[in-house]
Amino acid sequence: MPANHLQQQLEELHKQLAQNPPVNEEDRESLALLARDIELQLAAQPVTTPDASLVDSVNLAVERFEVSHPTLAGSLRNIMQSLANMGI
């Protein structure tokens, strides 16, 4: 169930990025890589070794977009919580 919830949140993140992308190319690439890393972790279920760097990356992205893209930051926070619920 947590994996399904995370998948839905990733789809929401992709939708937000398509509708209201970050202004610069670096931010867009950073978020695309982060989404890819989350999808790879999701595909590796069950998780045998949690990837703490993934959670750190999501947390940094939340901080980075908190002011400029609050909706995006909220989606990233939800993803971070889902990862935590999955033991990642």
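User: What do the numbers and values rest on?

Analyst: Residues are numbered from 1 along each chain as its sequence is written, and side-chain values use heavy atoms, without hydrogens and water. The model is predicted, with local features needing pLDDT of at least 70, side-chain atom pairs counting only at pLDDT 80 or more, and totals for chains, interfaces and linings using all residues.

User: How do you know that the span of helix 3 agrees with its 14 residues?

Analyst: The expected span is 1.5 Å times one less than the number of residues. For residues 52–65 that gives 20 Å, and the end C-alpha atoms are 20 Å apart, so the two agree.

User: Which residues of helix 3 are called buried?

Analyst: Leu54, Val55, Val58, Ala61, Val62 and Phe65. Buried means under 20% relative accessible area; exposed means over 50%, and partly exposed lies in between (1.4 Å probe, protein chains only).

User: Why is helix 3 called roughly antiparallel to helix 4?

Analyst: Their axes cross at roughly 160° and come within 8 Å. Angles under 35 degrees count as roughly parallel, over 145 as roughly antiparallel, 65 to 115 as roughly perpendicular, and the rest as oblique. So helix 3 is roughly antiparallel to helix 4.

Key:
Helices (H or I, at least four residues) and strands (E, at least two) are DSSP runs, numbered from the N terminus. Axes are lines fitted to C-alpha atoms, for helices over the stretch in contact, and angles run from 0 to 180 degrees between N-to-C directions.
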